[in-house]
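This report examines how aromatic side chains pair in the structure shown below.

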Amino acid sequence: MKNNRINWRIIIPAILLILPVVLILIFDPAAWLSRYNLVSDILGTILFVDVPIGMCLWHWFKPEHFREWRWMIPFGLMTLGSWAVMAGGMWLACKTGHGPDNGFAAVCAVLFGWAYIWLTMIPIGSIYVGFRAILKLISLCRKGNRD
């Protein structure tokens, strides 16, 4: 007999990671103007929304990976990855003719590409920390009612 039990540990993270991409595709009419816009919107959403959500889910399921000094590894990789994607994406956009009209945006992408991930990681991480605090408060209130 098959086990018909739903595995929520897989379904909820999948929904949290797919939903932002779907919402961008539904509510951003410019995404459908060209293939370039569609691909860049999807990849941008994955990088700047799904990666921070993934980090929060990783912490939720494996908090021991963020103990002591080990928390610096994923955050360093996120920072380096953000810089590589932003600088590489700007270089590719300039080479394919989709680059900015002036060089200021290209310079900002090269110099500050590492910071772009933190513009979304900080609010998403803050929501996650608030969610954890609320769950802990609920747990303490329930524990107090039993005693």
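## Accessibility of W60

W60 is partly exposed, with a relative accessibility of 36%; buried denotes under 20% relative accessible area, exposed over 50%, and partly exposed the range in between (1.4 Å probe, protein chains only).

## Basis of the model

The model is predicted: local features need pLDDT of at least 70 and side-chain atom pairs count only at pLDDT 80 or more, while totals for chains, interfaces and linings use all residues. Residues are numbered from 1 along each chain as its sequence is written, and side-chain values use heavy atoms, leaving out hydrogens and water.

## Aromatic pairs

Across the whole structure, 6 aromatic pairs are found. Rings of Phe, Tyr and Trp (its six-membered ring) pair if their centres lie within 6.5 Å, with planes under 30 degrees apart counted as stacked, over 60 as edge-to-face and the rest as tilted.

W60 and Y128 form an edge-to-face pair, because their ring centres are 6.5 Å apart and their planes stand at 70 degrees. This pair ties together parts 68 residues apart in sequence, since W60 belongs to helix α2 (residues 35–61) and Y128 to helix α5 (residues 116–146); helices are DSSP runs (H or I, at least four residues) numbered from the N terminus. Y128 is buried, at 13% relative accessible area.

The rings of W60 and F131 are tilted, with centres 5.8 Å apart and planes at 40 degrees. F131, in helix α5, is 71 residues from W60 in helix α2. F131 is partly exposed at 44%.

## Aromatic cluster

One aromatic cluster is formed by W58, F66, W71, F75 and W118.

Key
Helix = DSSP H or I, 4+ residues; strand = E, 2+ residues; numbered from the N terminus.
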